[in-house]
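Subject: Handing over a structure

Hi,

Here is the structure you will be working with. Please open it before you read on.

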Amino acid sequence: PGLRERLELARRIRNFASRELALPDNGSYRSYADLGRPYAVWNVFAAAEFSVKPVQSCFLVAGCVAYRGFFARDGAEHYAARKRAEGFDVFLYGVPAYSTLGWFDDPLLSTFIHYPEWELARLIFHELAHQVVYVKGDTTFNESFAVTVQDEGVRRWLESERRETELTAYREAEARYNQFVALIEDARSQLARLYAQPLGPAAMRAAKRAEFKRLAERYAALKARWGGYSGFDRLMAEPNNALLASISAYSRLVPAFRRELEAAHGNLAAFYARVKALARLPRAERDAVLSSDLSAQRENR
């Protein structure tokens with residue numbers, strides 16, 4: 001009975017996605033599979049000791065991505081150990097779902113079906129967004145776009161359900177996350193500038209340790225402002241270049257996409273058309289447009 005209730009909820013969320021968010025109306029997330037394991041895949045981000053750029057992994061269909069995914073944890077741990085032995089910073093984490101980009105009908109999975117309501121909605125909206133726009137070789141573009149869609153979708157879902165208490169909690173969680181991301185992006189920018197300096201390995205390592213100590217102190221201060229909220233403690237237990245790269249990949253361009261959504265006056269179909277037009281541009285032109293969006297966003301704050 002409990003699973004049946006969750007599947008009914010997922011069906012309502014799935015119908016809402018196509019009806020109200022202009023997301024693909026197909027067989028994805030209309031069937032269910034029990035995987036018998038805690039995650040669908042395990043992803044590994046790796047970055048060089050003195051770099052905040054992730055190592056790319058390239059594949060025939062998906063193109064190049066900023067991480068490598070494994071269906072078995074052992075495979076992920078073996079790859080992570082190899083990259084550490086080569087001197088790379090590594091971040092390994094479990095992922096509850098992934099998108100086949102519309103090639104197949106992705107099912108609802110046991111790895112996320114029991115998520116709280118707005119988290120379940122967020123995940124479904126995010127994965128369906130990858131079926132709308134996906135650019136080979138540009139993980140940050142793809143993930144930031146999907147995060148923008150998921151956030152807008154959850155807000156509209158909770159409003160449609162008249163769930164004011166949950167909507168308030170979601171907005172508070174979103175505000176915390178945005179502050180956390182801003183902290184990470186600042187640290188990543190500081191480290192990028194540091195790594196560009198002509199320092200020897202020993203001096204660079206000392207400076208790197210100092211930057212991560214500063215990040216830990218700033219995170220502690222942010223937690224105090226949140227009243228001790230500890231939702232990011234696991235991520236911040238041992239932060240490194242790879243962790244910062246992973247967070248940036250999912251968040252750095254979100255403000256730019258939000259500006260594109262505003263330019264479309266909140267019309268999601270028009271927003272998708274704008275993003276598709278951006279996706280067709282050469283990488284340099286696309287980056288220039290999104291950078292101008294980011295600059296305009298900062299000026300408006």
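Below is what was found, by topic.

Keep one thing in mind: this is a predicted model.

**Helices α1 and α3**

Two packed helices are described by the angle between their axes and the distance between the axes. Start with α1, residues 2-21, and α3, residues 117-132. Their axes come within 10 Å and cross at roughly 45°. That angle makes α1 oblique to α3. The crossing of α1 past α3 is right-handed. On the α1 side, the contact uses R6, L9, A10, I13, R14, F16, A17 and L21. On the α3 side, it uses E117, L120, A121, I124, F125 and L128. By class, that contact of α1 with α3 has 11 nonpolar and three charged residues, and no polar ones.

**Helices α4 and α5**

Next come α4, residues 139-160, and α5, residues 164-195. Their axes lie 9 Å apart, at an angle of about 160°. Angles over 145 degrees count as roughly antiparallel, so α4 and α5 are roughly antiparallel to each other. Here α4 passes α5 in a left-handed crossing. From α4, the residues Q150, D151, V154, R155, L158 and E159 take part. They meet E166, L167, Y170, R171 and E174 of α5. The α4 contact with α5 has six charged, four nonpolar and one polar residue by class.

**The disulfide**

The count is one disulfide. C58 and C64 form it, with their sulfur atoms 1.9 Å apart. The torsion about their S-S bond is about 100°, so this disulfide is right-handed. Is C64 buried or partly exposed? C64 has a relative accessible area of 24%, and it is partly exposed.

Best wishes

Conventions
Residues numbered from 1 in each chain as written. Predicted model: local features only at pLDDT ≥ 70, side-chain atom pairs only at ≥ 80, totals over all residues. Heavy atoms only, no water. Axes fitted to C-alpha atoms, helices over the stretch in contact; angles between N-to-C directions. Helix = DSSP H or I, 4+ residues; strand = E, 2+ residues; numbered from the N terminus. Parallel < 35°, antiparallel > 145°, perpendicular 65-115°, else oblique. Left-handed = near helix turned anticlockwise from the far one by under 90°. Contact = heavy atoms within 4.5 Å. Nonpolar A, V, L, I, M, F, W, Y, C, P; charged D, E, K, R; others polar. Disulfide = S-S within 2.5 Å. Buried < 20%, exposed > 50% of the residue type's maximum accessible area, 1.4 Å probe, protein only.
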